[in-house]
Amino acid sequence: MSNKGNELYETVKQRINILQDENCLERKFGDFWKLACTVKTRQHDMRYLYDDTSREFVEKYRDQLIKIRENFVENMEYYVEKCIDIMRKQNFKVHYAKTNKEAQDLFMEELGDSKLIYKSKSVEAKDIGIIDVLEKNNIKINETDLGDILVQLFDYKLPSFQVGPGAHFTEKEIADKIKEVYDVEIEPNAKNIVEFFRNSYRKELLNEVKVSLTSANAISAEDGTIVLGENEGNISLLTRATEKHIVVCGITKIVPTLLDAVLVTKLQSRINNVSFNYISLISGPSNTSDIQGRSVTGMYGAKEVVVILVDDWRTKALKENLLFKEFLKCIGCRTCNYVCTASRAFGNIYASKYGLGSTAIIRDYIHNGIEAAVKDGLFLCTGCENCYHWCPISLNLGEIIKALKKNATEKGLCPPPLKEYQDKILKEKNPFN
Ligand code: SF4
Ligand code: SF4
């Protein structure tokens, strides 16, 4: 055991000890999260991970989805090239960034003099480091999804779930916060809270947005269409009532065809039981040919749609057969979070700056190395493999986590109690004594 191993062990232990305090934010989130996962998975009966109809839907398309992802990963370069080519023909402005740093620089160039950005669905932007760069450059970020608005309002910095990131705040807490920040008194119930934000934000989204940022649920290499699903309507407004819509995402958002892109989006929605009431298909900037047949971009919708497709670790993982190569197939549906034993037990302690659970920890490993992953609670994973059994594309996250633990152990970063346990088994030939 190295000194670093001991230090990381103590850090994780301290974070877990925080959970003993019933009033701390981590505990409140953890309790809420456990409840949400339990409700989601109908107590301990894992057969009901999805509600009845969603479960049928996912099972029906599972094989197709696996084929879609395998096809993309096996032919990644081909599909990326094809996608960029067709998007440019569709009047998208497309950048291919080899690294996150390149993507960040391109993004700042595209932002120009603007000191304010409206965003939604930006988990990918966080992964690519865009949010850090915006904060470093004092660019004001206006969230538009209600959950994110709440997180921003409460200045909540701990990792939260991407679907409903503010769902753990109570109605009373929100009403009190609105009183504190806006000096407006409202009845503490969901309907009134939504009405309050609708009245204040809707006008702003329709009239003030100059530059907006989103990711994409999927992008079709067949015709370059970007697919974005949502239920609040904020993304539709953001992508239409803006001058410039910037889409930032990893190249792994690409799928072979438009139908594949819609299927992936629909699956993400059904798995999370959030109804995507709107699915936008964006095939280029707004335009009209109504004046003498001359095509002019920027009628009512975005004048410009800029797409920054980021490679960073992805091609390298494929070519060098890196231990997280399988992760290229992930569609980011978060099923693995709901069923994860470590996530349920430790809430946002088993997490990284990229979000909750093992996928976020793997991302931290990719960007910041094995020590970062150990600090995020890598060894809290029990190896139960629920993530693997419930992943709609049968991605074996448990195996990736196991490989990371092996890597950490080789570097002397294994927690001391586990090492002691190993020694004891080897010596006494009995794990139960
Ligand atoms: S194997 Fe680890 S990451 Fe996967 S569900 Fe179990 S505890 Fe979570
Ligand atoms: S690894 Fe997790 S997020 Fe990725 S596709 Fe599988 S269940 Fe969904």
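**Close-up 1. Buried residues of helix α5 in the predicted model.** In this predicted model, the buried residues of α5 are Asn100, Ala103, Gln104, Phe107 and Leu111. Seen down the axis of α5, these buried residues fall within an arc of 100 degrees, so they line one face of the helix. An α-helix has 3.6 residues a turn, so residues three or four places apart point the same way. Helix α5 itself comprises 12 residues, 100–111, and spans 16 Å from its first C-alpha to its last, which is close to the 16 Å expected at 1.5 Å a residue. Glycine 112 follows α5 and has a positive phi, near 60 degrees.

Close-up 2. Strand β5 (residues 218–220) runs parallel to β8 and is joined to it by 2 bridges; serine 220 has valine 255 of β8 as its bridge partner.

**Close-up 3. The residues around ligand 1.** There are 15 residues around ligand 1, of which Cys340, Cys381, Cys384, Cys387 and Gly398 come nearest. The elements giving two or more residues to this shell are α15 (341–346), α18 (386–390) and α19 (397–410), and α19 contributes the largest share, 3 residues.

Methods
Residues numbered from 1 in each chain as written. Chains lettered and ligands numbered in written order. Predicted model: local features only at pLDDT ≥ 70, side-chain atom pairs only at ≥ 80, totals over all residues. Pairing = 2+ DSSP bridges. Helix = DSSP H or I, 4+ residues; strand = E, 2+ residues; numbered from the N terminus. Expected span 1.5 Å × (residues − 1). Buried ≥ 20, exposed ≤ 12 C-beta atoms within 10 Å, placed from the backbone. Arc of directions from axis to C-beta. Near = placed C-beta within 6 Å.
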